[in-house]
Amino acid sequence: MNIAIASGKGGTGKTTISTNLAFTLARQGKSVQLLDCDVEEPNCHIFLKPQIQFSGPVNVLLPKVLDERCNGCGVCARVCEYSAIVVVKDKVLVFPELCHGCGGCSLFCPQEAIVEIQRIVGTVETGSSGAVRFIQGLLNIGELMSPAVIHVVKKAAGQSDIIIIDSPPGTSCPVIASVKDADFVLLVTEPTPFGLNDLKLAVEMVRRLMIPFAVAINRFDIGDDEVQRYCKEEDIDVVLQIPDDRRIAEAYSRGELIIDALDEYKGLFEESWDSIVNLGLHNLKSESA
Amino acid sequence: MKIAISATGPSIDDQVDARLGRARVFIIVETDTMEFNAIENPNINAGGGAGIQSAQMLAQKDVKVILTGNCGPNAFQVFGAAGVQVIVGVSGIIREAVEQYKNGAFSQASQHNVASHSGMGGGGGMGRGGGMGKGRR
């Protein structure tokens, strides 16, 4: 099962849940891979302290114009959806950070004057922490192409019983790249007006992607009950509720897993997984009905 | 000589628009006669590359100078390739700005005066300071 942990609002507890869930399941004997797809600022490693076994560059393709062949016709600029290549007074300008590496300009150039070269935009690393296999991506500072790195992270995953994807916050391109093709999405929120507002946006996103999902409420005893009310109205299952326990924050600040620091929370994560599996099975049944 | 100004409205008595790529309107003035015409900016809602597209459009209109508030590095590069002089830090009524230009009050910008701010929308990075548009349409 391929499960993405996402959210609307940032800072709700995705990494907390991803890491604790990963170790809960690995300790049950399942084979687990944890993918940190928040490539602008990956932070799972803080809690995993992983042994990194492989590190490699993530490349995107970039057009390079062969001046001697170019006649300034401008077809490349007309093909480009992103204004990454323009022709100004017969001069071709390329804007690397806007280029999505689609190869269109090179493909359509009538003079065959465009070749593609590699450009590094980030790194991918694989390794392990205890029984959990771990992959993380890191987008280089100043780069915009998160999805390129995220795709490499996901491709680097092999087979396992469970793949947990720690997604970036929000609902934009990097999130879609992380969440797409998941069997299930767990949306993490907090019971506040901002939490609810952004949860609604995330729900809209997952419904559009047609992926079964459920909600986890972190620090459920602060704030108001609007999130609960919303989930009930929308027939959305809440499969995990974590209380606002100062000791959890203290463990987090030390880079410790909740399940290691506080024994009594082990059951919480185990039960939430059972709920998720049941929902997933239920979903399969209703699809084939 | 033809010069262009980023504008908030279609008249030479409107205010200069501080933005370039997403200015509401571009006004092209023939400085000898003060005749002008206004062009609605088609790039206001572009997902990305607004500065590049706007600069390219103005270059194609054969303007020699652009007066604006702020110009980013991508647009600046396009103007440079087209041989269009960039003057930043301009504000106020357009007619006044043109007169000031004719009096030689402005100096040409040697580089862009605002950082790259490509892309719009996307809502990336909710709840954290790193949110950044991804420039995708």
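1. Helices (H or I, at least four residues) and strands (E, at least two) are DSSP runs, numbered from the N terminus. Residues are numbered from 1 along each chain as its sequence is written, and chains are lettered from A, with ligands numbered from 1, in the order in which they are written. Keep in mind that this is a predicted model, where local features need pLDDT of at least 70, side-chain atom pairs count only at pLDDT 80 or more, and totals for chains, interfaces and linings use all residues.

2. Let's start with chain A as a whole. Its secondary structure comes to 11 helices and 11 strands, and its C-alpha trace spans about 70 × 45 × 40 Å along the principal axes. The domain assignment gives domain 1 (2-58 + 124-288) and domain 2 (67-112); such bounds come from an automatic or database domain assignment. Taken over C-alpha atoms, the centres of domain 1 of chain A and domain 2 of chain A are 40 Å apart.

3. How much of chain A is buried? Of its 289 residues, 48% count as buried. A residue is buried if 20 or more other C-beta atoms lie within 10 Å of its own, exposed if 12 or fewer, and partly exposed in between, with C-beta atoms placed from the backbone. As for contacts (C-beta atoms, placed from the backbone, within 7 Å), residues 24 or more positions apart account for 74% of those in chain A with a separation of 6 or more.

4. Now the sheet. In chain A, nine strands form an open sheet in the order E3-E6-E7-E2-E8-E1-E9-E10-E11, with mixed pairing. The edge strands, E3 and E11 (238-242) of chain A, each pair on one side only. From one strand to the next the twist averages 20 degrees. Two strands pair if DSSP finds at least two bridges between them; E2(A) and E7(A), for example, are parallel and share five bridges, with A:Val32 opposite A:Val132 in E7(A).

5. Strand E9 (residues 184-189) of chain A deserves a look: five of its six residues are buried, so it is largely enclosed by the rest of the structure. Strand E1 (residues 2-7) of chain A runs parallel to E9(A), joined by five bridges, and A:Ala6 stands opposite A:Leu187. Strand E10 (residues 213-218) of chain A is also parallel to E9(A), again through five bridges, and here A:Val185 has A:Phe213 as its bridge partner. E9(A), helix H7 (residues 193-209) of chain A and E10(A) make a right-handed β-α-β unit. Right-handed means that, with the strands pointing away from the viewer, the path from the first strand over the helix to the second runs clockwise.

6. Which residues have the most contacts inside the largest nonpolar core? They are A:Val149, A:Ile164, A:Val185, A:Leu186 and A:Leu187, in a core of 72 residues. A second, separate core of 51 residues includes A:Tyr82, A:Ala84, A:Phe95 and B:Ile87. A core here is a set of buried Ala, Val, Leu, Ile, Met, Phe, Trp, Tyr and Cys residues joined through C-beta atoms within 7 Å. Not counting residues up to four places away in sequence, A:Val185 touches A:Ala4, A:Ala6, A:Val179, A:Val206, A:Ile211 and A:Phe213.

7. Helix H5 (residues 146-155) of chain A is mostly covered, with eight of its 10 residues buried; among them are A:Val149, A:Ile150 and A:Val153. The cover includes strands E2 (32-36), E3 (51-65), E6 (114-129) and E7 (132-139) and helix H6 (173-179) of chain A. In the loop between H5 and E8 of chain A sits A:Ala157, which is partly exposed, with 16 other C-beta atoms within 10 Å. Leaving aside neighbours within four places in sequence, A:Ala157 contacts A:Gln33, A:Leu35, A:Ile135 and A:Ile163.

8. On to chain B. Helix H2 (residues 73-82) of chain B has buried residues including B:Phe76 and B:Phe79. The buried residues of H2(B) pack against strands E4 (85-88) and E5 (91-94) of chain A, together with helix H1 (50-60), strand E4 (65-67) and strand E5 (85-87) of chain B. After H2(B) comes B:Gly83, with a positive phi near 75 degrees.

9. Last, some backbone angles to check. Most residues other than glycine have a negative phi. B:Met34, in the loop between strand E2 (25-30) and strand E3 (35-40) of chain B, has a positive phi near 60 degrees. B:Asp62, in the loop between H1 and E4 of chain B, has a positive phi near 65 degrees. Buried or exposed? B:Met34 counts as exposed, with 12 C-beta neighbours inside 10 Å, and B:Asp62 counts as exposed with 12 as well.

Methods. Two residues are in contact if their C-beta atoms, placed from the backbone, lie within 7 Å. Axes are lines fitted to C-alpha atoms, for helices over the stretch in contact, and angles run from 0 to 180 degrees between N-to-C directions.
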